[in-house]
Amino acid sequence: LWLALPDSVRNREGRDFEHFAPEVTPFDGGEMLVFLGELWGTRSPVATYSPLMGAEVRLRPGATIDLPINAEFEYGVLVDSGDITVEDVELPTNALGYTGVGLSVMRISNRAETDARLVIIGGEPFNEEILMWWNFIGRTHEEIAQYREEWQAEGDRFGAVEGYVGK
């Protein structure tokens, strides 16, 4: 995942790559793997710099779940497989649904006769203006140009990417 970090920490030194393989958390009708933040009492130890959550959810055929969520967060739901509805709205495979803030329970149903898999990502709305270009996120055009220059010069900011053939 690529995240836009809040201005207060985005240039902070010492952020390390973290690897975490979440445990499967079963629930009636399926299971989930929480890889960021907290969901339904399951917490990931991965450091975040703003309130976030991310989880893979697997639903059995015909299952419906009323998932307790943080009403202060906005959520995206990405469907990998299954015939999914979120809040009774059809969400096609490979589509991203968005809930906005204010929802404290998210109803998700799998109407398929096979298992479903989806990813839910949520967090506080990001209230800073950002610019994106390729893999770079900045606040100004000048920052984006600087990041591009550092990337092309193979500077320390971005580290080495083994096998990158973009040059």
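The dialogue below goes through a predicted model, feature by feature.

Me: What should I know about the model before I read it?
Reply: The model is predicted, so local features need pLDDT of at least 70 and side-chain atom pairs count only at pLDDT 80 or more, while totals for chains, interfaces and linings use all residues. Residues are numbered from 1 along each chain as its sequence is written, and side-chain values use heavy atoms, with hydrogens and water left out.

Me: Which strands does strand 12 pair with?
Reply: Two strands pair if DSSP finds at least two bridges between them. Strand 12 (residues 116-123) runs antiparallel to strand 5 (residues 52-59), with eight bridges joining them.

Me: What does strand 2 pair with?
Reply: Strand 2 pairs with strand 1 in the antiparallel sense over three bridges, and F27 stands opposite G30 of strand 2. The hairpin of these two strands has two residues between them, and G29 takes a positive phi near 105 degrees. Strand 2 is also joined to strand 5 by six bridges, again antiparallel. In that pairing, L36 has G54 of strand 5 as its bridge partner.

Me: Is strand 2 largely enclosed or open?
Reply: Buried means under 20% relative accessible area, exposed over 50%, and partly exposed in between (1.4 Å probe, protein chains only). Five of the seven residues of strand 2 are buried, so this strand is largely enclosed by the rest of the structure. Across the 167 residues of the protein, 35% count as buried.

Me: Which residues of the largest nonpolar core touch the most other members?
Reply: In soluble globular proteins, nonpolar side chains tend to be buried together. A nonpolar core is a set of buried Ala, Val, Leu, Ile, Met, Phe, Trp, Tyr and Cys residues joined through side-chain atoms within 4.5 Å. The largest one here has 25 residues, and L39, L59, I84, M106, I108 and I120 touch the most other members. Strand 5 gives the largest share of this core, four residues.

Me: What is L39 in contact with?
Reply: Contact means heavy atoms within 4.5 Å. Setting aside neighbours within four places in sequence, L39 is in contact with M32, V34, M53, A55, L67, P68 and I69. For the protein, residues 24 or more positions apart account for 60% of the contacts with a separation of 6 or more.

Me: Is A21 buried or exposed?
Reply: A21 is exposed, at 53% relative accessible area. A21 is found in the segment before strand 1 (25-27). The C-alpha atoms of A21 and F35 are separated by 7.5 Å, and the two residues are 14 apart along the chain.

Me: Where is V161 found?
Reply: V161 is in the segment after helix 1 (141-152). With 45% relative accessibility, V161 counts as partly exposed.
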